[in-house]
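Subject: Structure handover, salt bridges

Hello,

Please find the structure below. My notes follow it.

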Amino acid sequence: MDQPAPSVWVRRFTPLIRPGGQVLDLAAGGGRHTRLLLDMGLRVTAVDRDIAGLRPLAGDKCEIHAIDLEAGPGNALAPLGGDYDGIVVTNYLHRPLFAPLAAALAPDGVLIYETFAIGNERFGHPRNPDFLLHPGELIDAFAALTILAFEQGEVSLPRPSVIQRIAAVAGPLGRLPEADLDRTAASE
């Protein structure tokens, strides 16, 4: 089975992560973003409940952790430490992790988050409102960070859905990466 392409949103903002930095790929799934991050020369901690698709990526620059992020009390991220130069989360929502995610960023660390929002139930899964963001919810959740970019609304690619996405930094505003419009249009 072919691996889906990395998210255009993630590709746009990963250049802001410190070269050679440590990145947390949360709910990494089959590893599409883990591969991207490793190809960029970053060190990756990839976490998912099912790590079968991640095992081939394990190595000197990639730690793999099987963690059910929603099980048990407390902060599921605590065993993973902190000071991440980047955190990537896509197609996953567990609200109790919002504060621990922000706290796990190193100074100038970059959060790149993209998932489904209210309205997505018209297009398919997820439909459960517990797994759909409310309008502006990521802005509120990560208000302590410096928000670099935010989008919410209906998209047609990679499939019709309603999404919300944010890029934020644990520090002051800096230079934004240029959007590669030719590459973006070609990949979607």
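Which side chain meets that of arginine 95 in a salt bridge? Glutamate 137 does, at 2.5 Å, N to O. A salt bridge here is a side-chain nitrogen of Lys or Arg within 4 Å of a carboxyl oxygen of Asp or Glu.

This is a predicted model, in which local features need pLDDT of at least 70, side-chain atom pairs count only at pLDDT 80 or more, and totals for chains, interfaces and linings use all residues. Residues are numbered from 1 along each chain as its sequence is written, and side-chain values use heavy atoms, with hydrogens and water left out.

The structure holds five salt bridges in total. In the pair above, arginine 95 sits in the loop between β4 (84–90) and α3 (98–103), and glutamate 137 in helix α4 (residues 137–141), so parts that are 42 residues apart in sequence are tied together. Helices (H or I, at least four residues) and strands (E, at least two) are DSSP runs, numbered from the N terminus. Arginine 95 is partly exposed at 27% relative accessible area, and glutamate 137 is buried at 12%. Buried means under 20% relative accessible area, exposed over 50%, and partly exposed in between (1.4 Å probe, protein chains only).

Glu114, Glu151 and Arg165 form a network of salt bridges. Glutamate 114 meets arginine 165 at 2.6 Å, N to O; the former is in strand β5 (residues 105–116) and the latter in strand β7 (residues 161–169), 51 residues apart in sequence. Glutamate 151 meets arginine 165 at 2.8 Å, N to O, and lies in strand β6 (residues 146–155), 14 residues apart from arginine 165. Glutamate 114 and arginine 165 are both buried, while glutamate 151 is partly exposed at 34%.

Regards
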